[in-house]
Amino acid sequence: GGGRGKLEDVEAEKKLWESDDAWELRKAFMLAHYDDYPKIQLQCLSQLFINVTLLGCEYSQTLMQKIRTMGAGIAANK
């Protein structure tokens, strides 16, 4: 279908309160996995990724493994 491209679609996800650092990471994460997950799930996973990466949150072992795998290479330069 028509409409916005991937980048425009992801750019529209930025929250007003998000710091630039958090947003750049989350944007990279969403772009990397954009085609593999439904948007609502990607929004959730990208937020978990930020919580783990920047805030040090911990979740179940299964979820942490998934987040680490999906985030591999994205947070490396931060």
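I started with Leu 25, which is buried at a relative accessible area of 1%. For that term I use under 20% relative accessible area as buried, over 50% as exposed and in between as partly exposed, with a 1.4 Å probe and protein chains only. Leu 25 sits in helix H2. I also looked up how far Leu 25 is from Gly 71: they are 46 residues apart in sequence and 9.2 Å apart in space, C-alpha to C-alpha.

A note on the source: this is a predicted model, where local features need pLDDT of at least 70, side-chain atom pairs count only at pLDDT 80 or more, and totals for chains, interfaces and linings use all residues. Residues are numbered from 1 along each chain as its sequence is written, and side-chain values use heavy atoms, with hydrogens and water left out.

**Other residues in H2**

Helices here are DSSP runs (H or I, at least four residues; strands are E, at least two), numbered from the N terminus. I found Lys 27 in helix H2 too. Is Lys 27 buried or exposed? Its relative accessibility is 15%, so Lys 27 counts as buried. Leaving out residues up to four places away in sequence, Lys 27 touches Val 10 and Glu 11; contact means heavy atoms within 4.5 Å.

Ala 28 is another residue of helix H2. At 32% relative accessibility, I put Ala 28 down as partly exposed.

**Glu 11**

I then turned to Glu 11, in helix H1 (residues 6-11). Glu 11 is partly exposed, with a relative accessible area of 35%. Beyond residues up to four places away in sequence, Glu 11 touches Trp 23 and Lys 27. Glu 11 and Pro 38 are 27 residues apart in sequence, and their C-alpha atoms are 16 Å apart.

**H2 against H3**

Two packed helices are described by the angle between their axes and the distance between the axes. The axes are lines fitted to C-alpha atoms, for helices over the stretch in contact, and angles run from 0 to 180 degrees between N-to-C directions. For H2 (residues 20-33) and H3 (residues 39-55), the axes come within 9 Å and cross at roughly 135 degrees. H2 and H3 are therefore oblique to each other; under 35 degrees counts as roughly parallel, over 145 as roughly antiparallel, 65 to 115 as roughly perpendicular and the rest as oblique.

I listed the residues that meet: among them are Leu 25, Phe 29 and Met 30 in H2, with Leu 45, Phe 49 and Ile 50 in H3.

**The aromatic pair**

How many aromatic pairs does a search of the whole structure find? I got one. Phe 29 and Phe 49 are stacked, 4.6 Å centre to centre with 20 degrees between the planes. Rings of Phe, Tyr and Trp (its six-membered ring) pair if their centres lie within 6.5 Å; planes under 30 degrees apart count as stacked, over 60 as edge-to-face and the rest as tilted. Phe 29 is in H2 and Phe 49 in H3, so the pair ties together parts that are 20 residues apart in sequence. Both Phe 29 and Phe 49 are buried.

**H3 against H4**

Last, I checked H3 with helix H4 (residues 61-71): the angle is about 95 degrees and the axes are 10 Å apart. That makes H3 roughly perpendicular to H4.
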